[in-house]
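Take a look at how two protein chains meet. The walk below goes from the whole interface down to a single residue.

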Amino acid sequence: MAEDEPGLHGEGQVATAGGAAAVNAPDSQPGLGRSWWSLAYLLPALFLLAVVVLYPILYTIVRSLFDANGDSFVGLENYGDMFTDPATLISIRNNAIWVVVAPIVVTTLGLIFAVLTERIRWASVFKLLVFMPMAISFVAAGIIFRLVYQADPDQGVANALVVSVHDIFADSSAYPGAGPREEAELSSVDGGFESTATYGVGDSVALGLVGFAPGDVSPDAVPASEPAAGDALQGVVWLDFAVGGGGEEGSIDNDELGLPGVVVQAVQDGTVAASTETGADGAFVFEGLADGDYTLALPRDNFREPFNGLDWLGPALITPAIIGSYVWIWAGFAMVLIAAGLAAIPRDALEAARVDGATETQVFRRVTMPLLAPVLVVVLVTLVINVLKVFDLVYIIAPGSVQDDASVLALQMYRVSFGGADDQGLGSSLSVLLFLLVLPAMAFNIRRFRREQS
Amino acid sequence: MTTTMERPSVPQEELARQALGAPRRGVASRIASRTGGGFIQVFLVLIAIFWTVPAIGLFVSSLVGAQDSGSGWWTFLLEPAQLSLDNYSNLLSNDDLVGSFLNTVLITVPSTLGVVLVGSLAAYAFAWMQFWGRDWIFLIVIGLLVVPVQVGLIPVAELYGQLGIFGSIPGVVIFHIAFGLPFAIFLLRNFFAGIPRDLLEAARMDGASEWTIFRRVVLPLGLPAIASLAIFQFLWVWNDFLIALVFAGRDVQPLTVFLQSQTRQFGESIDVLAPGAFLSLIVPLIVFFSFQRYFVQGTLAGSVK
């Protein structure tokens with residue numbers, strides 16, 4: 001390092017010292033700079049820390065014992081309010097969820113990424129991509145995730161993904177919301193429909209449906225025709241609605257479309273005896289049905305409303321959704337720290353274990369993990385402190401109407417003190433609570449530092 | 001990990017290099033050689049896509065005109081023609097946005113310089129000067145690392161009110177410097193302390209004053225740590241929202257506060273929000289990509305903040 005530094009040796013240093021150096025010479029050994037000198041170096045920092053950080057800690061504690069305006073002493077009343085106020089209780093609950101879930105998820109992902117990237121050639125690209133969100137603001141990240149979580153699957157990529165995965169496993173229904181006319185011979189059963197009459201082999205049945213636009217019918221559909229008589233149980237399912245009006249309700253008029261792909265079941269004594277699907281003209285036939293009386297059922301899968309994804313920004317999912325965006329931001333941090341920890345593990349220890357016949361799982365659990373534990377603790381503690389103070393993400397991502405449901409302590413503190421209520425007594429007591437919550441981390445830091453010094 | 005805080009330059013750079021790259025054979029490679037590396041490759045590709053898509057979504061949305069926003073941004077793959085820079089040219093004529101961008105610069109630059117200056121002076125004193133209570137005061141500084149800014153909001157707001165700087169840029173800057181100092185002193189002091197004693201001794205033998213030693217020996221040698229600190233502080237202040245929200249008046253609000261004010265009508269404001277957010281994050285990203293190494297070093301040294 002020193003060798004690389006141009007201008008380090010030689011002319012520079014002597015220039016300004018002059019006579020003072022001679023006077024200082026006896027006590028100017030390194031590490032023994034004189035007290036009054038050091039004061040000049042320290043003063044700006046100590047002054048700022050004292051006025052803007054230390055004094056506020058004390059003042060906040062005092063202020064929390066006074067009322068909203070700071071006029072009269074109220075003792076611990078603000079703390080009493082804090083733990084009975086439903087809004088604060090919700091934010092404490094949410095903070096608890098955050099503190100438990102977010103650090104563990106982030107650290108686990110970071111560990112997985114760090115371990116797996118040891119294997120791949122493009123590790124640096126991967127790490128760069130995952131680490132990148134660390135550089136951007138919570139506000140920008142919040143806007144990014146407001147977009148991701150848009151409710152409309154044509155807008156928000158989260159719902160677009162959820163809907164397409166859902167539709168792989170469950171066909172979207174062909175005729176959401178369709179149903180019979182009131183006077184028709186179908187009655188509503190469990191989301192689907194069942195004929196009120198019974199039919200036998202040789203009967204022909206026409207089932208008319210309405211309730212959705214002809215334009216939504218599959219382009220394969222052709223106009224329906226009266227079901228031909230036959231020696232099976234057969235019929236037709238058609239759209240009992242003609243474009244441009246006209247046509248008679250309950251009868252198959254010209255150009256009224258058959259409804260392809262409708263599942264029709266023949267039900268006897270409550271069990272499905274046969275099931276078939278309508279063709280392009282809406283016709284269906286039950287071949288080989290035994291004699292007897294059957295009711296015809298159109299099960300509910302025909303009419304299910306299309307799945308439109310999850311309400312990410314609604315009251316129920318808002319906290320997990322915001323935690324998701326937090327994970328997106330911080331996983332890179334955990335990954336980089338853990339990767340550095342892995343890199344510092346001596347190869348010898350791993351090789352020795354392998355030579356002794358340990359399996360890879362054993363090596364990981366018995367050698368790697370214990371050696372990595374200090375790093376994992378540092379990552380977890382850092383994340384816990386950070387999560388306790390989370391504010392921006394919640395404020396940006398949660399729409400106004402669900403801020404109450406999404407609130408966390410830091411947000412509650414802002415809302416109470418500055419966001420309209422202007423109760424700085426209660427706000428101060430919330431600050432004190434936050435401060436108390438980070439105290440263990442403070443002790444952890446100091447202990448860690450002292451251990452490293454000794 | 002624990003060693004990285006103590007030793008300056010070389011080991012940290014080495015760790016940083018390994019942390020952000022340099023594949024090595026390890027546990028995973030053994031697992032992979034049994035299960036076939038293909039699975040890991042595919043998994044990580046999926047993760048990489050998963051991590052990139054949200055940001056791409058913002059970027060593409062920022063290029064799509066309002067009239068086209070009826071369909072998902074990913075349809076640009078089918079019709080790239082719908083992309084245009086109109087939103088960005090509109091931004092330039094949006095005085096509020098341009099003003100808030102300038103405010104962000106006006107807040108960020110002095111806050112960064114201030115922390116570097118005040119922090120390095122103090123760090124030098126803690127590392128190489130002898131004074132009463134040095135170790136205890138330094139422990140207090142370490143303790144202050146984790147103090148939530150929330151604690152400072154109400155008292156400092158009152159203080160600023162009395163001083164008449166509430167709502168002004170200097171108020172915001174002073175708050176940023178003060179809350180940046182514990183990290184700055186912690187990071188720099190550890191680095192400075194690792195400078196070989198001989199170098200300082202030699203300089204003192206040559207008759208150099210403390211100031212000369214600080215300026216000609218410690219600062220140049222401490223440059224990697226100072227760079228890390230400057231980048232961190234820059235990003236921290238550039239990205240700050242809460243402090244500006246409380247202490248910056250409407251006329252001096254930075255970009256983050258301006259953007260937040262637009263999120264109330266999220267759907268309608270997307271023409272401003274998406275390009276504005278992109279503008280707000282492109283600067284940190286440029287800084288990040290240009291100085292990755294320092295950024296990672298700072299992350300390694302300064303965790304537990």
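A salt bridge here is a side-chain nitrogen of Lys or Arg within 4 Å of a carboxyl oxygen of Asp or Glu. By that rule, the count between chain A and chain B is one salt bridge. The model is a predicted one.

Which side chains form the bridge? They are those of A:Arg63 and B:Glu158, with N to O at 3.6 Å. Helix α2 of chain A, residues 35–63, gives the most to the side of chain A that touches chain B. Its share is 20 residues. By class, that side of chain A has 82 nonpolar, 26 polar and 18 charged residues.

Now the interface as a whole. Chain A brings 126 residues to the contact, and chain B brings 135 residues. Together the two chains bury about 11600 Å² between them. Carbon and sulfur atoms account for 73% of that area. Polar contacts between chain A and chain B come to 11 residue pairs, with both residues at pLDDT 80 or more.

B:Gln150 lies in helix α7 of chain B, which covers residues 150–163. Is B:Gln150 buried or exposed? B:Gln150 counts as buried because its relative accessibility is 2%, and the cut-off for buried is under 20%.

What does B:Gln150 touch, leaving out residues up to four places away in sequence? From chain A come A:Lys389, A:Phe391, A:Ala410, A:Met413, A:Ser431 and A:Leu434. From chain B comes B:Leu242.

Terms used
Residues numbered from 1 in each chain as written. Chains lettered and ligands numbered in written order. Predicted model: local features only at pLDDT ≥ 70, side-chain atom pairs only at ≥ 80, totals over all residues. Heavy atoms only, no water. Helix = DSSP H or I, 4+ residues; strand = E, 2+ residues; numbered from the N terminus. Buried < 20%, exposed > 50% of the residue type's maximum accessible area, 1.4 Å probe, protein only. Contact = heavy atoms within 4.5 Å. Buried area = accessible area lost by both parts, 1.4 Å probe. Polar contact = N/O pair within 3.5 Å; in protein donor to acceptor, adjacent residues only side chain to side chain. Nonpolar A, V, L, I, M, F, W, Y, C, P; charged D, E, K, R; others polar.
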